[in-house]
Amino acid sequence: MSTDIKQTKIGYYQNLDIELVTWDCTTAEVELSCACIFEHEMNNRPFSGGLAHLDDALNGRLNEIRKNNWFSANLNDALLLNQTPSTIQASKVLLIGMGAPEDFNVEKIGTAIKTAVKTAHQLELKSVAFAPSILDTGLNPPAGLNEVMLQALKEGLDRHHQLHLQNLVKKSEIERWVFDAGFQNYDAKAEQYRVSFAKVFLQD
């Protein structure tokens, strides 16, 4: 891992370490790297931030598949890229459609988290990174975003655990879950995540 990466442990739940790391979808050193992607960016501006890095790593094909409607990024649409170039650290990339950015609300990011959890379980993977891509799309992160994402993560893990207790699915393999973050206001973001973790995971 690069020495200029910032990394914070948010908490531990079941057998899972939850962290905040200054990665994006392209640089995340995990098995499954997840990125939310909207039908278009606000004011139809070009990709920026992590989505721009991902598009570059794919030689412009992220923009191409969306433009040609091969992956429309409609709400709850999902595409698993299981042939990733060497420019992407993860062996698999999950694109999660978020619909129109003008219609975005915080509940939709919770649904995206559950899609990521479900995919990781189906593929029996150990490490996952999740990039909300909200700033990259030109949106301001809504209040309570961290809490909603952590709540959705907990619900996805708990649901799988209950199915495991019914002897219907294997025990969760996920050992590491990373929320991708930029360097801007990183320390404040890490503290917010820790507070949200305590509220969601440590209070009955």
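At 0% relative accessibility, F38 counts as buried, where buried stands for under 20% relative accessible area, exposed for over 50%, and partly exposed for values in between (1.4 Å probe, protein chains only). The model is a predicted one, in which local features need pLDDT of at least 70 and side-chain atom pairs count only at pLDDT 80 or more, whereas totals for chains, interfaces and linings use all residues. Residues are numbered from 1 along each chain as its sequence is written, and side-chain values use heavy atoms, with hydrogens and water left out.

F38 lies in the loop that joins β3 (32-37) to α1 (49-57); helices (H or I, at least four residues) and strands (E, at least two) are DSSP runs, numbered from the N terminus. With neighbours within four places in sequence left aside, F38 is in contact (heavy atoms within 4.5 Å) with R66, A73, M98, G99, A100, P101, F104, S133, T137 and L139. One of these, M98, is 60 residues from F38 in sequence, yet the two C-alpha atoms are 4.8 Å apart in space. The loop between β3 and α1 also holds N44, which has a positive phi of about 50 degrees although it is not a glycine. In contrast to the buried F38, N44 is exposed, with a relative accessible area of 64%.

Just after α1, N59 takes a positive phi of about 55 degrees.

When residues up to four places away in sequence are not counted, I113 touches F130, M149, A152, L153, W177 and F179.

Helices α3 and α5 pack at an angle of about 35 degrees, with their axes 8 Å apart; axes are lines fitted to C-alpha atoms, for helices over the stretch in contact, and angles run from 0 to 180 degrees between N-to-C directions. The crossing of α3 and α5 is right-handed, a crossing being left-handed if the near helix is turned anticlockwise from the far one by less than a right angle, and right-handed if clockwise. On the side of α3 the contact is made by V106, I109, G110, I113, K114, V117 and H121, and on the side of α5 by L145, V148, M149, A152, L153, E155, G156, L157, R159 and H160. By class, this contact has 10 nonpolar, four polar and three charged residues, where Ala, Val, Leu, Ile, Met, Phe, Trp, Tyr, Cys and Pro count as nonpolar, Asp, Glu, Lys and Arg as charged, and the others, Gly among them, as polar.

Helix α5 (residues 145-165) also packs with helix α6 (residues 186-201), at an angle of about 45 degrees and with axes 9 Å apart. That angle makes α5 oblique to α6, since angles under 35 degrees count as roughly parallel, over 145 as roughly antiparallel, 65 to 115 as roughly perpendicular and the rest as oblique. The crossing of α5 with α6 is right-handed. From α5, N146, E147, M149, L150, Q151 and K154 meet K189, Q192, Y193, S196, F197, K199, V200 and F201 of α6, and the residues of this contact divide into six nonpolar, four polar and four charged. S196 of helix α6 counts as buried at 9% relative accessibility, and, apart from neighbours within four places in sequence, S196 is in contact with N146, E147 and L150.

Two further loop residues complete the description. P132, found in the loop between β6 (127-131) and α4 (134-137), is buried, with a relative accessible area of 12%, and touches C36, I109, M149 and D180 when residues up to four places away in sequence are not counted. N185, found in the loop between β7 (176-180) and α6, is exposed, with a relative accessible area of 54%, and its phi is near 55 degrees, a positive value in a residue other than glycine.
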